[in-house]
Each structure stands twice: as C-alpha cells, then as structure tokens.
Amino acid sequence: MDMKQLFEKGVSFIEFVNQDKDTHKEKTLEIYNNAQIQDIIKSMIKSIDKKVNALVFAEIWCPDCMINVPVLQKISDENPNFNLSIIPREGNEPYLEEYKVGGKTKIPTFVFMDENFNRIGAFIEKPLIVKNIEENGTQPEIIVTKRKYRKGEYVEDTIKEIINIIKK
C-alpha cells in the first residue's frame, strides 16, 4: 500500500476523537477547544499556499496524541489547503520504520506530503522545545515544562515547528 492509499484509509479528527467515549476524548477536546493561537501564528498558517496532506499515526489513549493531534486540526481549520487523515499506529508499524526514534516507534507521527503524496517531512511525538528541556533541563524545569505541555501551553511551538517542516 502506498502513502496515498494509506491516507485514504484514515479517519477525520472527529472520527478519531469519537473512538473513545470517556477521558481520552474529553482531554483531546479540551486541548482543541482551549488552544489559543495568536493572530500572527494564524497568519503563518494561512500563508501556506500549497496543498498539504498530513498522514497522522496516532492512538486516542496516547497523551502526546491528545495534545498534538488537536493542534493539527486547528491548522486544518485555519487553512483549507491542509488535509489530515488519522490512522492507528497498531498494524501500520512498517510505514513508520524511517521515523523511529532510538529504535522505537513514537506517536503521534505526522508525515507531511504534497498534493501528489510526495513526502515533505515529519513531526514526531512532541515539539523540539519540550524534547530539549526533557533532555537538558534541570529536574524542576522538566517538571514545569511537562505540566505546561500537558495543559496545551506549547501549542504554538508545535504549530511553528510544523510550518517550518512544510515550508522547507
């Protein structure tokens, strides 16, 4: 199966969220509904003038998916050139081989493709700013960062990183 076929097999954000009837759905929708995006970031999103297909490997129970998949939907809400399709990691691991981190498949993994489904780049798990603090910060910095991240306070960092990947 090629990437286009895989993309066509996926589900929308709402279908993804509705895979759960309880806390995972609530948390995902809370991040989505509370995400505050500054006008300058919205302008950056709207400036994407080419079609982008985002193939999302995610599971509804995953904390990083609950945070970052809603961010991707926010981008799609702001720019009709941006389409997303969500598929489970489970059963699709062979398509994630080149995106492994430390030999492990991480979710969410967003694979960005152009209108012809040629790969542009990928976003894996969480924004680099959070990864860097987790790897290099002091224990108090790590704790504070993780709390803020889980509340959705790094939404704009994720958006900027995704825009940079797409505009390469």
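Me: Which residues in α8 do N68, V71, L72 and I75 in α5 meet?

Reply: This is a predicted model: local features need pLDDT of at least 70, side-chain atom pairs count only at pLDDT 80 or more, and totals for chains, interfaces and linings use all residues. Residues are numbered from 1 along each chain as its sequence is written, and side-chain values use heavy atoms, leaving out hydrogens and water. Contact means heavy atoms within 4.5 Å. On the α8 side, the four α5 residues meet V155, T158, I159 and I162.

Me: How many nonpolar residues does the contact of α5 with α8 have?

Reply: Ala, Val, Leu, Ile, Met, Phe, Trp, Tyr, Cys and Pro count as nonpolar; Asp, Glu, Lys and Arg are charged; the others, including Gly, are polar. By these classes, the contact has no charged residues and two polar ones. The nonpolar residues number six.

Me: Why are α5 and α8 oblique to each other?

Reply: Angles under 35 degrees are roughly parallel, over 145 roughly antiparallel, 65 to 115 roughly perpendicular, and the rest oblique. Axes are lines fitted to C-alpha atoms, for helices over the stretch in contact, and angles run from 0 to 180 degrees between N-to-C directions. The axes of α5 (residues 63-78) and α8 (residues 155-166) lie 10 Å apart. The two helices are oblique because they pack at an angle of about 60°.

Me: How do α3 and α5 cross, left-handed or right-handed?

Reply: The axes of α3 (residues 23-34) and α5 come within 8 Å and cross at roughly 45°. That angle makes α3 oblique to α5. A crossing is left-handed if the near helix is turned anticlockwise from the far one by less than a right angle, and right-handed if clockwise. For α3 and α5 the crossing is right-handed.

Me: How many helices and strands does the chain have?

Reply: Helices (H or I, at least four residues) and strands (E, at least two) are DSSP runs, numbered from the N terminus. In that direction the elements run α-α-α-α-β-α-β-β-β-α-α-α. The total is eight helices and four strands.

Me: What radius of gyration does the chain have?

Reply: This radius is taken over C-alpha atoms, and the globule rule is 2.2 Å times the number of residues to the power 0.38. With 168 residues, a compact globule would come near 15 Å. The chain agrees, at 15 Å.

Me: Is A122 buried or partly exposed?

Reply: A122 lies in strand β4 (residues 119-124). Beyond its neighbours within four places in sequence, A122 is in contact with Y99, F110, F112 and I165. Buried means under 20% relative accessible area, exposed over 50%, and partly exposed in between (1.4 Å probe, protein chains only). At 25%, A122 is partly exposed.

Me: Which residue does a cis peptide bond join to I107?

Reply: Most peptide bonds are trans. Here omega is about 0°.

Me: What is the phi of E125?

Reply: Most residues other than glycine have a negative phi. E125 is not a glycine, yet its phi is positive. E125 sits in the loop between β4 and α6 (128-136) and is buried, with a relative accessible area of 17%. Its phi is about 70°.
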